[in-house]
Structure formats: structure tokens, C-alpha cells
Amino acid sequence: MSISTPGEVGSRVSKDRPSLLNNEERAQLAARKRNGKFFLFLTVVPVILAVLLILTLFGSVLLQAVSWQVVEPRNSGQTFSLREARTWEGVVRLELLAQGRTTQDIEALLSDSEELRKFKARNRVELMFRANGEPLRWVVTNIRDDVEEVYSLIERWDRERDSLTELAEGQNYYLNPWMDFSFLLRNNSGRPTVAGLSSALVGTLWVIGLVILLSLPVGVGTAIYLEEYAPDNRFTRLLEVNLRNLAGVPSIVYGILGLYVFVRTAGFGPSVIAAACTLSLLILPVVVIAAREAIRAVPGSLREASYGLGATKWQTVSRVVLPNAATGIVTGVILAVARAIGETAPLLMVGGAGFVNKVPDSPLSNYSVIPTQIYSWINAPQKAFDNVASAGIVSLLGVLILLYVLANILRRRYEKKW
Amino acid sequence: MVVIQALPKDHETVRTATVEMEEAVVSIENFSLWYDLFQALHNVSIAFARNQVTALIGASGCGKSTLLRSVNRMNDLVPSVRVEGTVMYEHVNLYDPAIDPVEVRRRIGMVFQKPNPFPKSIYENVAFGPRLNGYRGDLDALVERSLRGAALWDEVKDILHQSGLALSGGQQQRLCIARAMATEPDVILMDEPTSALDPIATNRIEELINKIKEDYTVIIVTHNMQQAGRVSDRTAFMHLGVLVEEGPTDQIFTNPIHLMTERYITGHFG
Ligand SMILES: Nc1ncnc2c1ncn2[C@@H]1O[C@H](COP(=O)(O)OP(=O)(O)OP(=O)(O)O)[C@@H](O)[C@H]1O
Ligand SMILES: [Mg+2]
């Protein structure tokens with residue numbers, strides 16, 4: 001196409017806008033832009049769909065973590081305003097007074113740690129969003145309280161008054177935030193109103209810690225061997241192909257392996273360490289692949305500099321390659337661990353129990369982890385456990401978000417500029 | 001248009017004022033090198049005189065870097081490399097099976113084309129080499145001596161613990177020279193050390209080379225004829241893996257003997 005001279009441009013172009021193009025070129029440009037817009041549209045649609053799906057997921061989980069409930073109380077049945085009591089102890093005092101205990105009695109209970117522990121195990125002290133039509137009130141829920149009815153937030157959001165008039169004598173009506181802070185500190189229970197996540201949360205933290213301890217050295221060692229030492233022969237190529245395939249093996253298969261190898265043969269039983277070993281196996285291929293990529297990303301010029309100064313291979317690997325690949329490796333491991341702690345199937349196989357109300361305190365303890373805990377709550381007969389499960393899911397997402405944030409901080413902090 | 005005539009692979013190197021045996025620190029004898037099946041060096045023989053700078057020149061791909069890297073056995077890092085011939089250093093054949101390339105590189109240091117400081121502090125960069133061997137002496141003094149040797153001390157003495165990557169390109173290259181000096185080598189190899197630098201930084205490196213040859217033997221690869229003229233005592237011209245001509249730099253530049261050398265020097269090819 002010939003370039004139009006200024007004269008041509010002036011004469012051919014429509015009156016209003018100055019342009020460097022003649023009409024034909026302008027038409028082509030417009031067509032090109034239309035094309036671009038069409039494909040932009042094609043790429044934006046899935047993004048919008050994905051965002052909508054994620055919002056729906058989060059929305060439904062969060063909504064489920066809050067519900068209206070009709071309760072037949074076994075305690076005093078009273079609720080207390082924030083003005084009446086600010087601290088946990090204050091609420092306990094008021095409740096015990098309302099139950100008709102003497103002040104002396106109450107002080108004795110509060111100062112006796114064993115009594116206090118028992119009280120905590122049987123009662124949940126919580127600030128409910130609404131209690132009997134009033135906002136933000138303390139409620140002490142007893143383990144023997146009967147939950148008569150559970151309504152979802154949406155179902156009854158504008159019918160609080162109707163619900164209140166429907167109540168039978170002595171019943172209370174709460175908007176219960178299942179996902180409250182004490183949820184993380186309470187032990188599990190057969191009663192939904194007082195069931196908590198602490199043993200599963202601690203179990204999950206144990207498993208995360210042990211998985212990192214196990215998979216980091218083994219994975220990094222393998223990666224170093226494959227990247228730096230392994231000869232390039234048929235065997236290593238076979239190993240490499242298998243490594244990639246292993247990353248795609250269904251997790252339940254690792255569960256079966258873990259059951260035979262760690263739970264039975266190694267004699268760990270259904271313990272934290274058996275779970276950690278199984279999950280480590282599960283993420284090892286991913287860790288190795290991530291570590292190899294991080295190692296490969298270390299510029300060759302740095303290796304040359306090291307060799308050029310008379311470093312041995314191991315000195316180069318340990319003083320130059322590994323320190324410079326560390327961030328990539330650690331980020332890769334954290335992301336793999338984040339993947340692993342959401343796993344339910346293999347842990348169900350290696351004994352992640354649904355009901356453990358003892359916090360694990362050694363690698364050989366029985367344990368429960370958040371996903372198996374959620375699974376068992378969802379399978380429980382009482383409807384209110386659905387809400388507990390939602391609170392569990394919110395907590396699991398919280399742990400995941402923490403891990404991702406950690407990975408991101410590490411990446412930002414130590415990002416290398418060559 | 002000048003047609004480059006083929007050079008026979010068994011070309012006899014044209015030599016003027018050859019380096020005497022007793023002057024030579026490193027002498028390469030009948031050295032050939034293959035990358036897999038490709039022969040990159042053809043029977044090269046050349047001696048490098050003590051406390052002199054020798055420049056390797058030649059068109060791109062003629063094997064200058066390969067020859068340079070053969071001197072400290074950096075080529076061993078390429079898995080497919082095979083060599084024939086000897087590289088003598090202080091009466092020892094560096095390619096003797098009993099010699100560990102790690103030893104070789106402690107005696108013969110190297111500076112690369114692109115400055116490649118480690119992402120560590122300036123101090124740690126210089127201390128890297130000595131630390132590899134568990135240096136027992138006064139490390140601070142050694143670091144200072146090396147940085148002074150590389151004419152960098154005055155610029156960095158107050159920021160020794162800042163990252164070496166925060167320096168300018170020219171300073172980084174001098175840091176790399178200091179780092180190489182800190183292992184106290186005999187010979188320093190430089191592969192186009194200034195090609196990534198601006199003229200002022202280049203100038204400083206050239207001054208530095210002129211200074212350090214009092215203590216070291218330097219072999220430098222360069223594409224810059226003026227640079228070869230300014231810094232080197234002897235020049236070797238290579239073409240397609242063959243050492244065409246070598247001799248005192250003045251001689252090569254003013255009165256080259258081989259036609260191909262003359263054409264290269266005068267800019268008719270390359
Ligand atoms: N690692 C390698 N594997 C295979 N062939 C190589 C390798 N390194 C260099 N070569 C080949 O050897 C020949 C010489 O390369 P060399 O790098 O020594 O050239 P050079 O003279 O330094 O060139 P330049 O001036 O561009 O740096 C080239 O043909 C190159 O393709
Ligand atoms: Mg080169």
C-alpha cells in the first residue's frame with residue numbers, strides 16, 4: 001500500500017477529524033479494532049463467569065455460617081447486653097447469678113481452674129448478632145440446650161417478628177454467628193451449638209508442619225540430584241516422565257498407599273505422622289518439580305562465577321544455587337502444602353477421624369484435620385451441623401489464605417533482580 | 001567486496017618474536033577441542049608471557065572464548081567437550097588426569113563478559129573465593145587489598161555491606177575483577193570484559209588492566225581493536241578455530257604478516 005501524501009490525506013479524509021490515513025486504510029483499521037474488541041469480549045466472558053462462581057461459593061459458605069435458631073435453653077435462658085458485661089468473666093458471673101448461685105459460689109468457681117475448665121467444656125459464651133429481637137447480646141449456650149429449629153439467614157431475614165411470636169414459652173431465638181472466634185478454640189462436641197474446631201485446627205497445623213519438615217529436604221534433595229548431578233541417560237529420563245505422571249495420580253491412591261505403608265506396615269497407626277507421611281508423598285512430585293524450576297532459574301552466569309573462583313560442585317550448589325533458588329523452592333512448597341491440607345480422601349483412609357476431642361500433642365497422637373472434620377459434620381444427622389461445617393469451611397479457607405499470603409510475602413521480600 | 005579465502009586447518013601459525021620458554025607462564029601446545037563432533041579449536045599452540053597482557057582477537061565464533069576457557073578448564077563444565085593436546089602451567093599439564101579443575105581455577109582466575117556479581121554484599125562477593133578454601137588469614141585485609149587492586153576501594157569502602165548488584169555496571173565489573181584477585185591467582189582471564197560497559201567505565205577497566213599486569217599475567221578476549229592496541233603487549237589473531245598469527249601487538253597492528261590478519265585489522269572482514 002502506498003503512503004498517502006499530505007495532499008491526498010487532506011482531500012480524502014472526512015471533514016471533522018485530522019488523520020494520517022486515507023479512507024481505505026481507516027476502514028481497515030476500524031475492522032482490525034473491531035476484531036480486537038470481539039476477542040477481548042471472548043476473553044472477558046470466562047473471567048466474569050469465574051468471578052461470579054467464586055462469589056457464589058464464598059457467599060453461600062459465609063451465609064451458611066450464620067443462621068437463625070430456636071433454642072430450648074437449659075441455662076438461665078437470659079441474655080445480657082454489652083453494657084452489662086464486657087468480658088467473658090463478666091458474662092459468666094451474670095449467668096451464674098441468674099441461675100441462682102451465690103456470689104461466693106461464683107468466685108470459688110472462677111478461681112478454681114478445674115471447675116472453670118468444666119464450665120468452658122459445657123458452655124459456649126457468645127455474642128449473638130440478635131437475641132430475641134435485640135441486637136448484639138451475650139448468650140451462654142449450654143451443651144444440653146435443645147436446638148428446636150434452624151432457619152437460614154435468607155429464609156427469615158425479614159421475618160424476625162413473626163418468628164418471635166411463633167416461639168413457645170421459654171424458647172429463645174438467636175441469630176447465631178457460628179464462625180466466631182471461640183469456634184477455633186472450642187473442642188469438638190456431639191452437640192452442634194457447642195462444637196468447635198480446635199482439635200482439627202491443631203491437627204491441621206501439626207500436619208502442615210510435619211509435611212514441610214518431611215517434603216522440603218526430600219524434595220529439594222531429589223531436585224538437586226536431578227538438576228545438578230544426574231547423568232543424562234535413559235534411566236533419569238524415565239524418572240522424569242514418571243515424576244510428572246506421579247503429580248497426576250489421584251490422591252485416594254496415595255491414601256491406600258499410606259494406609260498400607262505407614263498406618264499398617266510402619267505401625268504408625270491412625271496418627272499425625274502417618275497423615276504427614278502420606279501427604280508428603282502426595283505433594284513430593286509437585287515439590288520436586290517446583291524446586292527444579294527454581295534451581296534452573298538461577299542464572300548460569302552465577303554458577304560460572306562460582307566455578308571460576310575455584311568452587312567445587314557441591315560448594316557451588318550449596319553457596320550459590322540453593323540460596324538463590326530458596327525463595328522459589330519455599331514458595332513452591334507452601335503452595336503444594338496449601339493444596340495438600342485441603343485433601344480429604346487420603347486422610348479419611350489413613351485415619352483422619354471425624355470425632356477427636358483431644359488436641360493432638362505428639363506425632364503419634366490420634367488426630368483430625370479440618371477437611372475430615374467438615375466431612376463428618378456434613379454427614380451428621382442434626383441439621384445444625386451444616387452450619388458448623390460452613391464455619392469449618394470458612395476456617396479452612398482462612399488457613400489457606402494465610403498460607404498464600406505467606407508465600408506471597410516470601411516471594412516479594414526475597415525477589416531477586418539480576 | 002573481499003572474498004575471504006579458505007584457511008587450511010593445518011595452517012602453520014605465523015609467529016614473530018616468540019615468547020621464550022622461561023618467560024611463559026601458560027603455554028598451550030597442539031591443542032584441539034571438540035564440542036561433540038564440531039571441532040572448535042584446530043591444533044593451537046601459543047605461549048603467554050609472565051606479567052604481560054595478551055589479547056585474543058578474531059571474528060565472532062572463531063573460538064576465542066573457547067581457547068580462553070580451555071586455560072582454566074571452564075570448558076569441562078560443558079558435558080560434550082573433548083580435548084587433545086596440552087596446556088602447560090608452571091611445568092604441569094593442566095589436562096593431566098591427576099589435576100582437578102578446581103585447583104586450576106584457583107591459580108587461573110576469570111572475569112566474564114557480563115558483570116556477574118553474586119546477589120550478596122560487596123564484601124561477601126570478594127570474600128567468596130577465599131572462603132571456599134577456608135581462608136585463615138585476615139579476611140578484611142584481603143578484601144580491602146583486592147578492592148584496592150581493582151581500583152574500587154575508594155568508591156565502596158563505606159558501603160561494603162550493601163548489595164553488589166546496587167553498583168553500576170562498570171563498578172560491578174571491577175568488583176568481579178576484585179573477586180577474582182581475592183583468590184590470589186597467577187593468571188587472570190578476561191572474556192570481553194568491557195563489552196557491556198560505556199566508554200568511561202571501559203576506560204577505567206583498561207587502566208586497571210595496565211596496572212594489574214605488574215602482578216598478574218592477563219589474557220583478554222576483545223572485539224575492540226583499539227582496546228587490544230591500548231592494553232595488550234602481544235596479540236593473537238584467530239580464524240575459525242585456527243590461530244593465524246601471533247606476535248607483539250605493535251607488530252600485528254602495524255605490520256601484520258598474514259594477509260588475513262591484515263584484512264581483519266584493517267576492518268575488511270569480521
Ligand atoms: N557449549 C558449546 N557447545 C557447542 N558448540 C559451542 C559451544 N560453545 C561454543 N561453541 C561453538 O564453538 C565455536 C567457537 O565459539 P566461541 O564462543 O569460542 O567463539 P568466540 O570467538 O568467543 O565468539 P564471540 O566473539 O562471538 O564470543 C562457535 O562456532 C560456537 O558455535
Ligand atoms: Mg566469546
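Trainee: In what do the side chains of A:Arg156 and A:Glu166 meet?

Mentor: Side chains of opposite charge can pair when their charged atoms come close. In this model, A:Arg156 and A:Glu166 meet in a salt bridge, 3.4 Å from N to O. To count, a side-chain nitrogen of Lys or Arg must lie within 4 Å of a carboxyl oxygen of Asp or Glu. The two partners are 10 residues apart: A:Arg156 is in the loop between strand 5 and helix 6 of chain A, and A:Glu166 is in helix 6. Helices (H or I, at least four residues) and strands (E, at least two) are DSSP runs, numbered from the N terminus.

Trainee: What should I know about the model and the numbering before going on?

Mentor: The model is predicted, so local features need pLDDT of at least 70 and side-chain atom pairs count only at pLDDT 80 or more, while totals for chains, interfaces and linings use all residues. Residues are numbered from 1 along each chain as its sequence is written, chains are lettered from A and ligands numbered from 1 in the order in which they are written, and side-chain values use heavy atoms, with hydrogens and water left out.

Trainee: Back to that pair: is A:Arg156 buried or exposed?

Mentor: Buried means under 20% relative accessible area, exposed over 50%, and partly exposed in between (1.4 Å probe, protein chains only). A:Arg156 has 9% relative accessibility, so it counts as buried. A:Glu166, at 49%, counts as partly exposed. Elsewhere, salt bridges with shared partners join A:Glu227, A:Glu240, A:Arg292 and A:Arg296 into one network.

Trainee: How many salt bridges are there over all chains?

Mentor: The search of the whole structure finds 31. A:Arg130 is partly exposed at 27%, and A:Glu160 is buried at 15%. Another one is A:Asp146 with A:Arg74, also given as 2.8 Å between the closest N and O atoms. Here the partners are 72 residues apart, with A:Asp146 in strand 5 (residues 146-152) and A:Arg74 in the loop between strand 1 (66-72) and strand 2 (79-81) of chain A.

Trainee: What does the side chain of a buried arginine such as B:Arg234 reach?

Mentor: Check its polar contacts, meaning pairs of N or O atoms within 3.5 Å; within protein, one must be able to donate a hydrogen and the other to accept it, and residues adjacent in sequence count only if both atoms are side-chain atoms. B:Arg234, in strand 10 (residues 234-239) of chain B, has a relative accessible area of 6%. Its side chain reaches the backbone oxygen of B:Ala17 at 2.7 Å, and a polar contact of 2.9 Å joins it to the side chain of B:Glu246. Beyond its neighbours within four places in sequence, B:Arg234 is in contact (heavy atoms within 4.5 Å) with residues including B:Thr16, B:Gln52, B:Thr54 and B:Pro248.

Trainee: Which residues come nearest to ligand 1?

Mentor: A residue is near a molecule if one of its heavy atoms lies within 4 Å of it. Of the 13 residues around ligand 1, the nearest are B:Ser60, B:Lys64, B:Ser65, B:Thr66 and B:His223. A polar side-chain atom of B:Lys64 is 2.8 Å from a ligand oxygen, and a backbone N or O atom of B:Gly63 is 3.0 Å from an oxygen of ligand 1. On the nitrogen side, B:Tyr35 brings a side-chain N or O atom to 3.4 Å. The protein covers 63% of the 630 Å² of accessible area (Shrake-Rupley, 1.4 Å probe) that ligand 1 has on its own. Helix 1 of chain B gives the most to the shell, with three residues.

Trainee: Last one: which residues have a positive phi without being glycine?

Mentor: Most residues other than glycine have a negative phi. B:His91 is one exception, with phi near 65°, in the loop between strand 5 (81-89) and strand 6 (92-93) of chain B. B:His91 counts as exposed at 74%. B:Glu192 has a phi of about 45° and lies in the loop between strand 8 (187-191) and helix 7 (199-212) of chain B.
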